[in-house]
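Hello,

Here is the structure I promised to pass on to you. Have a look at it first, and then read my notes below.

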Amino acid sequence: MTDSPKTNLLGMTRQQLEGFFTAMGEKPFRAVQVLKWIHQHWVEDFQDMTDLSKALRERLAQVAEIRAPEVVYDQASADGTHKWLLRLDDGNCIETVFIPEKDRGTLCVSSQVGCALDCTFCSTARQGFNRNLSSAEIVGQLWLANRRLAPERTVAGKAPERVVSNVVLMGMGEPLLNFDNVVDAMRLMLDDNAYGLSKRRVTLSTSGIVPAMDRLKETLDVALAVSLHAPNDALRDELVPINRKYPIAELLDACRRYVREERHHQRITFEYVMLEGVNDSPEHARQLIALLRDVPCKINLIPFNPFPETRYRRSGDAAIRRFQEMLANAGYTTITRRTRGDDIDAACGQLVGKVADRSRRALRFARLEGTGGTAP
Ligand code: SAH
């Protein structure tokens, strides 16, 4: 399966598809037709692409394919949250989570198998780094979610309703350490001929890879979330070790550069995991207030999601409320991320806390049962 000789069109941007068709001796506008079939109708069979000639469809079927990761299981929570465990060609597993809300549907997407960054409160870190996801594996998460959640999938005629309105790159991995594939996948998310999401509805979350933040600013216009988690270098060095390489002052400079860029009219979202007795005191709040004074931002407090053998505990409700109030009183838009899909351990941001164990367990199931987990 891994050494399939066919070209997977799923992760190709419009430009790349145009190159593909030109190389086939076809007109480049075929790219837009095929993009729409793939990303707006979630078609995987070239025979369904009815505005292409039969001859071209047959040629395509010989040299190309549309191949997404395989759903190992699909677990739905009482609140409508879905968690999919996806198996990649090489047997690795990743998770994708869909979180429905009144006015939007957010998909939390993974960018790597494992992670190299070793943040002490994150269980993906314990898995270590395995590999980068391809653009097909990244955008394939969105393709699969839409395909499975669409009320009906029409092959001809009008594109069916898109259920996923927002994408956050907050699953496993550090997206800025898989720059090119993540950018290609995000180009498809933004392309009107593919998913057509607005640039405010695609959010990349980073632990703060400073040079890549600047590169992103020059490359693509998306919302940026930064995992801050601590208001001083001593504490951040411990929680987010990449801070030793790119300390807070450099990180915040990069944040200012990102929002200063004319086309980025938005604010940075700072994520701050609430760890009891570690970073949640009024003194930490005061330091944070002073630190972010001149960065256009909002703050997301994330109640820590515990996992086996972690040394941390989630801050109490009262501590979280007090922390949030102090930031709000200082003029910061501050949201405490609601815990969703708790019954399936799938709340976004907290997905990461469990995914490594789950992947391993799923793999074990797969080995035991041959087909893996619950049938999709
Ligand atoms: N590498 C990216 C994406 C990580 S996941 C980044 O660092 O931003 C998205 C968010 O979930 C990050 O802010 C991450 O720090 C946070 N997170 C990781 N483990 C968590 C846990 N156990 N509980 C709560 N949030 C967690």
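Two strands pair if DSSP finds at least two bridges between them; strands (E, at least two residues) and helices (H or I, at least four) are DSSP runs numbered from the N terminus. This is a predicted model, in which local features need pLDDT of at least 70, side-chain atom pairs count only at pLDDT 80 or more, and totals for chains, interfaces and linings use all residues. Residues are numbered from 1 along each chain as its sequence is written, and side-chain values use heavy atoms, leaving out hydrogens and water.

Let's begin with the sheet. It is open and has 10 strands, in the order β3-β4-β5-β6-β9-β10-β11-β12-β13-β14, with mixed pairing. At the edges are β3 (70-76) and β14 (333-336), each pairing on one side only. Strand β13 (residues 297-303) runs parallel to β14 and is joined to it by 4 bridges. Asn 300 stands opposite Ile 335 in β14.

Next, the record. An unreviewed UniProt entry annotates a "binding site" whose residues include Gly 173 and His 229; such annotations may be inferred rather than shown by experiment, and positions follow the numbering used here, with feature names shortened.

His 229 sits in the loop between β11 (223-227) and α8 (233-239). Is His 229 buried or exposed? His 229 counts as buried because its relative accessibility is 4%, and buried means under 20% relative accessible area, exposed over 50%, partly exposed in between (1.4 Å probe, protein chains only). Gly 173, in the loop between β9 and α6 (179-190), is buried too, at 18%.

Enjoy exploring!
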